[in-house]
Amino acid sequence: MAKATYLLQGIKKEDNHQNRVVDILKKDHDEIIIYSAFIKESSIEDIKEELENNKGKVTALIGIRNGITSSQGVKCLLDAGVKVFVIDTGSSIQIFHPKTLVAINRKANTADVMIGSANFTPGGFLRNMENSAFLELDLTNTDDKVFLDSFLGGYNHLLKSYSADNVIPVDSEDVIADLLDEGRVIDEMAAPKISSVGKNSSGKQGSKSMSLQVGKHRVTRGRSTTTKTKSAIIVGNSFSGSVTEVWKSKELKERDLTIPSGKGTNPTGSMLLKKGAYDIDQQHYFRNNVFVGLNWAPKTGKPAHFEFASAKFHFIIDGIDNGTYTLTMKFDSRTNTAGYLQRQPNVHLSWGDAKGIIKNKNLLGQIMHLYSVDGKTDEFVIEIKED
């Protein structure tokens, strides 16, 4: 009789769908079948080693025409030696939506099954509050065998009963290119659309984030730094239009959010702009590239080596439009200080009136994206979210 366990992701940091899938793939199986409505490259990368170790055994049925499954994710499956079929129902409102993993060991008369809500995406594997039932089937048991046969009946029906327009074998990069050209999968490198799903009332913080224990990606190569800017489209209440990402932080710390907890440490009210996730010269990039179009000048009563400039910033935090604020930057122009010689950063972004929305412990560990508004020199967007 089947042994059943249950996972509600977000309760324990290391007990997540990514780790559970890896545990199943590491076991000895003859055949592995994956259903996922959506896939993203990073999550397939996280299990790619295990998929490669099962080369020739894995078949994946993946939903497309949903605005989420990416060409990069499909290619990553193909590169890992997975036999891939993509499911196109012909409708964007009636999509292939299962999330299931079945791994069969016919020699031992056993099977491992995962059925639940988790897609093979960063959200499904790590971030979202997803749940699944995990079954260890004993195929000598009649009920367990009937269960598996029922699943395999549906699986075989999908592969044999529909046309190649709906169940599409992906056996080359040319097929992936065609799916991308036809808009049935997305390009993860193309301009994303960043939508605010609500508007924050003036002076009020957004809804409190649920405290979830989130695991980490197993593969980090290619994610640490970047030198490329990315285009995006913002759809919000305070601002809508085309933007270009010009900087991305690492995980936000207490000092960044003006909520230091250490004894004797006072909040500065500003954020020191460092390299973050970009491979840049932090002493020149912000003054000479990102904010070069601003009117930089000393302030009366301040040392002459400090230059100040102001700009308009639109804030989108966890999908909520928090309005527009005018913020001030301070640049230390000296090149003979110990800090400069040690290549320390020299531009501060003062939060000003936006301090009320930034001083929020729920934002700790999240990522700040800085966008310049296309066609403007003094207008920017700050988006803070789980990355």
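Biologist: Where is the place of M129?

Modeller: M129 sits in the loop between α5 (122–127) and β7 (131–138). Helices (H or I, at least four residues) and strands (E, at least two) are DSSP runs, numbered from the N terminus. By the way, this is a predicted model: local features need pLDDT of at least 70, side-chain atom pairs count only at pLDDT 80 or more, and totals for chains, interfaces and linings use all residues. Residues are numbered from 1 along each chain as its sequence is written, and side-chain values use heavy atoms, leaving out hydrogens and water.

Biologist: Is M129 buried, exposed or partly exposed, and why?

Modeller: Buried means under 20% relative accessible area, exposed over 50%, and partly exposed in between (1.4 Å probe, protein chains only). M129 is partly exposed because its relative accessible area is 37%.

Biologist: And Q283, buried or exposed?

Modeller: Q283 counts as buried, because its relative accessibility is 1%. You'll find Q283 in the loop between β13 (270–272) and α8 (285–290).

Biologist: Which residues is Q283 in contact with?

Modeller: Contact means heavy atoms within 4.5 Å. Leaving aside neighbours within four places in sequence, Q283 is in contact with F331, G339, Y340, R343, Q344 and N346.

Biologist: How should I read a helix, say α4?

Modeller: An α-helix has 3.6 residues a turn, so residues three or four places apart point the same way. In helix α4 (residues 71–79), the buried residues are S71, Q72, G73, V74, C76 and L77. Those buried residues pack against α2 (41–46), α3 (48–53), β3 (58–63), β4 (83–87), β8 (167–170) and α7 (173–181).
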